[in-house]
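Here is a short briefing on the structure shown below. Keep the 3D view open and find each part as you read.

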Amino acid sequence: MENHIEIEKSHHLIIVHFYGEIDSVMAPVYRGQLSDLIDETQEDLVFDFQNTSFIDSSGIGLVLGRYNQLKFEHRTLILTGLNQVAYRLFELTGLFQIMPYYESIESLKEGTL
Amino acid sequence: MNQMEVSFSAILDNENFARTTVAAFLTPLNPTIDEVIEFKTIVSEAVSNAIIHGYNQNSECFVVIKMKIDGRAVQLTVQDYGKGIENLEEVKAPFYTTAKDLEHAGMGLTIIETLADRLEIESVINIGTKLIITKSLKNHDTV
């Protein structure tokens, strides 16, 4: 699968779907794209990893960086759809103590409707 | 016993090659999807450390990966001949990073320690760094 992101607007949220792998090559690319997106919008953000086959610590850095960028503007970052291994690593890093997590986009949408 | 060795230029684009190669070599052991992702993550963290911190992304330099499979026990060695680590205890601490501006989380070694059974680090200044990672795959008949 080609690595890319797709952006969807839904229920006053902006959902970013990550496809493929997030590693040291892709993280800086997404960092630029998402920083611009955050600058150009006011909504809260969702990062959806349902279609992400691989995330390493550069992905964790990417998430933390965007969290800090949003927090500065009192906006929220929500995470969904991590695979089991990535979930363990995000948990280890303490990310779930500072941002909400939903198993899937569907469970998030049900929760916020 | 089955063994392999591969070396490649210290550029980040080769991380994918390294992950995929290690995963392919494990295939005869019929690992679970999670085990494959765990190995790929370990390789990714170790190789990006070697490329970024060992070599400062100098493409003239080489990262060497060796694998040894004995039964279901896997030993993975990731080695560079770069600048070495000054203080091993310091770099092993979670969130330790020298590249905050690049948004490196400083979690690489902590992640490897979490996913592997054992991590040994040998490092000598200006000689290089060697990570020796051991991890056994589960027996399917006990799953």
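**One residue to start with**

Q57(B) counts as partly exposed because 15 other C-beta atoms lie within 10 Å. The model is predicted. Q57(B) sits in the loop between helix 2 and strand 2 of chain B. Its phi is positive, about 60 degrees, although Q57(B) is not a glycine. Most residues other than glycine have a negative phi.

**Another positive phi in a chain B loop**

- N30(B) lies in the loop between helix 1 and helix 2 of chain B.
- Phi of N30(B) is near 50 degrees, which is positive, and the residue is not glycine.
- N30(B) counts as exposed because it has 10 C-beta neighbours inside 10 Å.

**Helix 1 of chain B**

- Helix 1 of chain B runs over residues 14-26, so look there for its 13 residues.
- From first C-alpha to last, helix 1 of chain B reaches 19 Å, close to the 18 Å expected at 1.5 Å a residue.
- Which residues of helix 1 of chain B are buried? They are E15(B), N16(B), A18(B), R19(B) and V22(B).
- Seen down the axis of helix 1 of chain B, these buried residues fall within an arc of 165 degrees, so they line one face of the helix.
- An α-helix has 3.6 residues a turn, so residues three or four places apart point the same way.
- The face turned away from the buried side of helix 1 of chain B carries the exposed residues T20(B) and A24(B).
- What covers the buried residues of helix 1 of chain B? The cover includes strand 1 (2-9), helix 2 (33-54), strand 2 (62-70) and strand 3 (73-80) of chain B.

**Where helix 1 meets helix 2 in chain B**

- Two packed helices are described by the angle between their axes and the distance between the axes.
- The axes of helix 1 and helix 2 of chain B come within 9 Å. They cross at roughly 140 degrees.
- This crossing of helix 1 and helix 2 of chain B is right-handed.
- On the helix 1 side of chain B, the contact is made by E15(B), A18(B), R19(B), V22(B), A23(B) and L26(B).
- On the helix 2 side of chain B, the residues are V36(B), F39(B), K40(B), V43(B), S44(B), V47(B) and S48(B).
- The residues of this contact between helix 1 and helix 2 of chain B divide into 8 nonpolar, 2 polar and 3 charged.

**Where chain B touches chain A**

- How many residues of each chain are in contact? There are 20 from chain B and 18 from chain A.
- Helix 1, helix 2 and helix 4 (108-115) of chain B each supply at least two residues of the side that touches chain A.
- Helix 2 of chain B gives the most to that side, with 8 residues.
- The side of chain B that touches chain A divides into 5 nonpolar, 8 polar and 7 charged residues.

- Helix 4 of chain B is mostly covered, with 6 of its 8 residues buried.
- The buried residues of helix 4 of chain B are G108(B), L109(B), T110(B), I111(B), I112(B) and L115(B).
- They pack against helix 2 and helix 3 of chain A. In chain B they pack against helix 2, helix 3, strand 4 (118-124) and strand 5 (128-136).
- K92(B) is found in helix 3 (residues 88-92) of chain B.
- K92(B) counts as partly exposed because it has 16 C-beta neighbours inside 10 Å.
- K92(B) and E113(B) are 21 residues apart in sequence and 9.2 Å apart in space, C-alpha to C-alpha.

**Helix 3 of chain A**

- In helix 3 (residues 84-92) of chain A, the buried residues are V85(A), A86(A), L89(A) and F90(A).
- Down the axis of helix 3 of chain A, these buried residues fall within an arc of 135 degrees, so they line one face of the helix.
- The buried residues of helix 3 of chain A pack against strand 4 (52-55) and helix 2 (57-71) of chain A, together with helix 2 and helix 4 of chain B.
- Just after helix 3 of chain A, G94(A) takes a positive phi of about 85 degrees.

**A loop residue in chain A**

- N51(A) is placed in the loop between strand 3 (44-48) and strand 4 of chain A.
- N51(A) counts as partly exposed because it has 13 C-beta neighbours inside 10 Å.
- Leaving out residues up to four places away in sequence, N51(A) touches H17(A), F18(A) and Y19(A).

Definitions and conventions:
Residues are numbered from 1 along each chain as its sequence is written. Chains are lettered from A and ligands numbered from 1 in the order in which they are written. This is a predicted model: local features need pLDDT of at least 70, side-chain atom pairs count only at pLDDT 80 or more; totals for chains, interfaces and linings use all residues. Helices (H or I, at least four residues) and strands (E, at least two) are DSSP runs, numbered from the N terminus. The expected span of a helix is 1.5 Å times one less than its number of residues. A residue is buried if 20 or more other C-beta atoms lie within 10 Å of its own, exposed if 12 or fewer, and partly exposed in between; C-beta atoms are placed from the backbone. The arc is that of the directions from the helix axis to the C-beta atoms. Two residues are in contact if their C-beta atoms, placed from the backbone, lie within 7 Å. Axes are lines fitted to C-alpha atoms, for helices over the stretch in contact, and angles run from 0 to 180 degrees between N-to-C directions. A crossing is left-handed if the near helix is turned anticlockwise from the far one by less than a right angle, and right-handed if clockwise. Ala, Val, Leu, Ile, Met, Phe, Trp, Tyr, Cys and Pro count as nonpolar, Asp, Glu, Lys and Arg as charged, and the others, Gly among them, as polar.
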